[in-house]
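This report looks at nonpolar packing and aromatic pairing. Have the structure open while reading.

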Amino acid sequence: MPENLDDDPFHDCELDPEAILGTHTFEDVLFTNETETPVNVLTGETPAHSQATVEEAKEFAASIDTETPQIALPASVESQVETQSKPYTAAAFFHFKATGSLERHRAYHAAYKAEAFAVDFEADYESGDLTITVERADEA
């Protein structure tokens with residue numbers, strides 16, 4: 001255990017590194033061509049703002065100016081209707097909407113920021129699956 005809490009990237013995490021070490025796949029969490037979009041009940045058509053391709057979503061996520069790699073997540077039908085937004089949104093690859101919990105989000109974020117860990121991810125927009133791999137840097 002580090003002598004100084006500032007040296008421990010997991011000091012304010014509920015999960016320890018052991019919980020995220022290895023490879024974990026989060027199924028059906030990414031924006032895909034199958035992502036649900038609203039339909040106008042009068043015309044039976046999807047509104048123009050909700051029509052999008054996976055390529056557009058990936059380009060949007062890649063265009064976000066941040067140090068943390070972004071992925072394209074599906075936007076809820078409600079938000080698409082209420083804000084007339086696209087059917088996708090961008091978020092950090094370890095976002096809780098993808099990993100399923102705020103605890104995992106914090107642990108992946110801590111590992112990503114820490115030099116002691118090597119963190120990699122694969123976003124499969126065909127299946128909608130996100131795979132995150134965490135290894136100790138000295139073992140990577």
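Which residues form one aromatic cluster? Phe93, Phe94, Tyr112 and Phe121 do. The model is predicted.

**Aromatic pairs**

Searching the whole structure gives eight aromatic pairs. Among them is Phe10 with Phe117: the planes stand at 70°, so this pair is edge-to-face. The pair ties together distant parts of the chain. Phe10 sits in the segment before β1 (22-26), while Phe117 belongs to strand β4. The two are 107 residues apart. Phe10 and Phe117 are buried.

Phe93 and Phe94 also make an edge-to-face pair. Both of these residues are buried.

| Pair | Centre to centre | Angle between planes |
|---|---|---|
| Phe10 and Phe117 | 5.6 Å | 70° |
| Phe93 and Phe94 | 5.0 Å | 75° |

**The largest nonpolar core**

This core holds 30 residues. Phe10, Ile71, Ile132 and Val134 touch the most other members. Two or more residues come from each of α1 (54-63), β2 (70-74), β3 (88-92), α4 (102-113), β4 (117-124) and β5 (129-136). The top contributor is α4, with four residues.

**Around Phe10**

What is Phe10 in contact with, leaving aside its neighbours within four places in sequence? Its partners are Leu15, Asp16, Pro17, Ile20, Ala107, Ala110, Ala111 and Phe117. Phe10 is among the core residues that touch the most other members, and Phe10 pairs edge-to-face with Phe117.

Methods
Residues numbered from 1 in each chain as written. Predicted model: local features only at pLDDT ≥ 70, side-chain atom pairs only at ≥ 80, totals over all residues. Heavy atoms only, no water. Core = buried A, V, L, I, M, F, W, Y, C linked by side-chain atoms within 4.5 Å. Buried < 20%, exposed > 50% of the residue type's maximum accessible area, 1.4 Å probe, protein only. Contact = heavy atoms within 4.5 Å. Phe/Tyr/Trp six-rings, centres within 6.5 Å; stacked < 30°, edge-to-face > 60°.
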